Amino acid sequence: MARGYRYGDAVRLLGGQDPAVKALDTVLGVGTLGVWDLIDAKGELIKVGNDLLARWRDRRGDRKWRSRTERLEAAHTVLVLTAYLEAVEALDPPHGLRGFRLSREEQELLTEIDEISCPGMWVPPEVYLANLRERYVLIGERMIHFLGGLYLGDRLRPHEWDQVTRLFLQGVPDEALRRYEDRYRQLSADVPEFGLWTRSIEHQATRGGLAEVRRLLELIGSGAALPGQLDTISRLHRSVLERPVAETGDVPDGMRLPTLDRAYITPSFRARPARPGDDLASNSSWEGVDVRRDLPAFLADRLSRPQAARRPILVLGQPGAGKSLLTKVLSAQLAEASFLPIRVPLREVKAAADIQQQIEQAIYHLSGERLEWPAVARAADGVLPVVLLDGFDELLQATGVRQSDYLEKVVAFQERELTAGRAVAVVVTSRTAVADRAHTPDDTVVVRLEPFDQEQVGDWLRVWNDMNAAYFAESGLSPLAPAVALAQPALAEQPLLLLMLALYDADGNALTQGVGAELGTGELYERLLRRFVERELEKECPRDQVPRRVERKLVHLACVALSMFNRGRQWATSAEFDADLKALGLAEPEKDTGFATPLTSGELAPGTFFFVHEAMATRDKETLHSYEFLHATFGEYLIARLIASLLREMLIQESGAVLREADDGMLRALLSWATLATRTPVLGFLRELALAQNEAPQWRELAIRLFKRLDTREDNAFPAYRPWVAGPQRRYAYYTANLFFVALACSEGVKASEITPGREDPITEWRRYALLWRSQCAAEEWASLVRETGVTLRSDDIGLALRTEADGFHEFEFPQLSNPGHGARGMIQFRREVTFCHLADEAELLAALAPFDLVMEAGSNGAPIRGLRDVLLLKAATSLDRCAETLATAIEEWADPLDERPLLKAILGDLAMSTDDDAEELMARIAGTSTRAAALMAEVARIRARG
């Protein structure tokens with residue numbers, strides 16, 4: 001429940017020094033009163049309460065947001081206790097209560113219960129009512145306690161004492177709750193905030209759009225007019241609604257982009273408070289949280305509460321989900337509803353500046369006026385400023401700086417302003433995937449925007465098709481049907497990607513015809529990306545040069561994707577991309593730009609394309625850029641496309657000259673830094689491309705030839721290409737693993753004897769490669785490599801294929817491992833590793849442990865078996881979170897505290913497979929779980945320091 005007030009404080013806050021408060025002081029100020037005389041005084045208390053509540057209808061129009069919201073909660077407190085007193089008055093008092101006296105302190109204890117909370121935004125109305133009844137019962141229990149302390153129970157007949165007990169524990173609470181509900185419904189008609197708090201205000205959901213946002217915000221606005229300078233800020237925010245829904249020149253002649261006020265569709269969302277230890281980037285953190293469609297009511301509810309000035313609202317969403325659009329819409333609608341919105345695009349302000357400076361910079365960029373924040377807040381004169389910090393993730397991506405305390409700085413800023421009498425609400429937006437890179441203060445309201453559903457896609461397309469009906473008719477085109485767009489659900493469910501599909505289809509109904517032709521996903525991506533690149537190039541070069549330059553641009557975009565992939569991220573900075581292009585010899589020649597600083601290749605290639613999101617931030621007067629694909633599969637397709645192009649070129653090389661081997665320098669440079677097993681869509685696209693070109697067998701054999709001859713070739717091509725620091729053994733491991741997966745993607749499978757060099761028996765050679773990958777790949781990559789490979793063991797060879805969901809767990813050589821249902825999920829993964837590597841010794845160990853699996857799952861505490869099993873479990877960790885959890889559990893449950901050497905050895909081995917940064921973070925997470933874990937991590941740190 002939300003914070004509330006004590007009854008006396010609430011009455012004084014509502015009434016000040018008026019006669020109602022004096023009447024209350026008179027009632028509570030008598031030296032001694034009979035127990036029922038006190039309750040007889042309820043009539044005066046009820047009169048005071050009803051008088052204040054009646055006059056609150058007039059006072060709620062207070063122009064100052066803070067005093068209005070505080071009085072709202074105070075009015076609710078008066079309502080709660082007035083309903084209780086009315087319930088007491090309505091019931092007949094037991095005869096035995098008359099004649100007993102209470103002291104002043106005891107009287108106050110009976111009338112001043114603990115803070116009475118208002119209905120909470122996370123608590124359903126029915127739950128709040130149940131909690132309120134419990135509070136009424138608590139008042140009754142306190143009354144019975146005092147009466148019992150006066151030996152009243154001994155002096156009353158049993159049936160009279162039973163009557164007293166039933167009165168205060170059942171009759172009064174039930175009647176009080178009924179009266180509370182009746183009065184609450186009456187007040188909701190005059191006090192809209194009350195209706196918002198219990199979700200009883202009628203509102204349209206998604207279809208309500210902007211009009212619904214404005215209507216609900218106007219209900220809770222003060223109606224106050226802003227002074228001239230601040231009204232200019234509000235007017236500029238309102239003007240955004242008349243602009244196109246997206247900033248792009250990628251529109252065919254004659255077509256119009258809808259304006260924001262027409263095209264905006266309110267998204268569905270999930271909402272929850274932040275709690276300690278949350279990983280808000282993980283889907284598991286949102287399991288069990290209902291999807292809602294009442295975002296306008298939810299936001300209006302939040303802004304009507306004093307808590308809005310104490311904690312920010314954090315809005316999360318995928319790229320293209322509409323986070324920035326939401327801040328623009330809110331800015332415009334808040335300006336209409338007598339709030340003071342200040343939208344701060346974080347890409348346009350200094351990344352290292354504090355929040356106050358960022359706000360002042362944003363005001364200057366918007367209005368051209370240099371205003372200091374304290375002057376702005378004072379000029380608002382009680383109107384609530386709402387600061388919208390849009391694009392926190394852009395600060396992280398573009399600068400590469402861990403701003404883990406940014407949200408804590410927001411809270412500190414709000415607390416300072418509240419203490420100074422300048423209350424301010426804050427909204428922060430961020431990409432979901434980076435939500436775990438900043439600590440979210442407890443009780444922060446977190447909203448995650450959900451993808452469009454079928455109804456929302458239909459609503460958006462209805463606006464689009466109506467806006468461009470004339471264009472479609474003149475061009476002989478059909479409007480884009482929802483069913484056609486929804487054939488690509490991964491794209492249609494994000495607003496910006498849905499616009500991309502609509503623009504693509506507007507060019508000759510390309511999408512509509514593609515659905516009719518049953519295009520594969522890869523072919524659709526090829527056409528879509530190629531057409532958008534062509535349109536962009538047609539703006540800057542002669543039409544006859546476009547076809548030749550399209551392929552070069554697509555290669556550049558594939559290098560953008562590889563810059564991200566090889567660094568283990570979904571984004572890359574322009575500096576990283578520029579360095580990669582130069583190292584690969586693909587940089588564009590610099591153009592003569594006169595006196596202006598020429599753009600680098602990294603800045604020229606990706607930033608102009610509609611399907612690439614460009615994040616920006618300013619640091620030390622320098623604008624930093626980073627890039628991310630609006631949908632990850634765009635980058636994954638481009639990676640597969642570039643691999644396919646290089647394979648095709650190498651086949652041409654081999655066929656064009658006698659005894660000439662294919663030059664795989666570029667392929668080796670690109671595929672020596674990360675495993676394709678972690679991005680399985682790349683393998684799916686590669687298979688689709690191989691089959692479409694009827695070249696799958698040739699690509700398979702080429703990958704095998706490259707694998708076999710790798711030991712005879714030096715890694716000396718493109719030596720400057722270094723996405724991160726890795727030695728030759730690690731690059732060798734990654735490249736061989738990726739050649740192996742290319743061969744698998746282009747076939748139904750391979751045998752170990754086919755792909756290994758053949759200098760020893762296939763199983764021995766395969767084991768060496770498998771162990772090489774295990775030792776050199778990051779833990780998550782190794783786990784993915786094992787997970788994505790189906791293994792069939794034979795006496796003299798190993799069958800290998802890409803694993804599908806329907807695949808079983810093939811173990812022909814080791815039948816004792818064929819039941820992975822025993823034990824934890826980590827044991828299953830470990831068994832897969834043993835099978836994948838063909839490790840006979842570990843197989844014997846697992847066979848010996850097999851009889852104990854069921855016993856241990858039932859709760860056995862056998863020291864050697866339990867300890868050994870924990871060692872095995874921690875080897876199966878596939879991420880920092882899972883690894884930290886597994887290690888912490890192993891430490892706490894280690895059965896032999898006198899001999900922790902096996903556990904130390906296992907932990908050190910696991911850390912050795914991680915990067916230094918990951919290892920340090922992992923140790924910090926484990927150390928924070930318990931005192932024992934902290935001591936063990938200190939020992940681990942000492943051992944690591946000694947090398």
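Glu534 is partly exposed, with 23% relative accessible area. That value comes from a predicted model, as does everything else here. The side chain of Glu534 meets the side chain of Arg531 in a salt bridge, at 3.2 Å from N to O. Where do these two sit? Both belong to helix α26 (residues 521-538), and because they are 3 residues apart there, about one helical turn separates them.

Now for a pair that reaches further along the chain. Arg648 and Glu695 form a salt bridge, with 3.4 Å between the closest N and O atoms. This one links distant parts of the chain, 47 residues apart: Arg648 is in helix α30 (residues 632-656), while Glu695 is in the loop between α32 (680-692) and α33 (696-708). Is Glu695 buried or exposed? Glu695 counts as buried, at 17% relative accessibility, since the cut-off for buried is under 20%.

Asp664 and Arg713 make another salt bridge. Asp664 lies in the loop between α30 and α31 (665-670) and Arg713 in the loop between α33 and α34 (728-745), so their pairing ties together parts 49 residues apart in sequence. Asp664 is buried, with a relative accessible area of 3%, whereas Arg713 is partly exposed at 27%.

| Salt bridge | N to O distance |
|---|---|
| Arg531 and Glu534 | 3.2 Å |
| Arg648 and Glu695 | 3.4 Å |
| Asp664 and Arg713 | 3.5 Å |

Back to Arg531 and Glu534: through salt bridges that share partners, they join one network with Asp507, Arg535, Glu538 and Arg543. In the whole structure, the search finds 44 salt bridges.

Technical notes
Residues are numbered from 1 along each chain as its sequence is written. This is a predicted model: local features need pLDDT of at least 70, side-chain atom pairs count only at pLDDT 80 or more; totals for chains, interfaces and linings use all residues. Side-chain values use heavy atoms; hydrogens and water are left out. A salt bridge is a side-chain nitrogen of Lys or Arg within 4 Å of a carboxyl oxygen of Asp or Glu. Helices (H or I, at least four residues) and strands (E, at least two) are DSSP runs, numbered from the N terminus. Buried means under 20% relative accessible area, exposed over 50%, partly exposed in between (1.4 Å probe, protein chains only).
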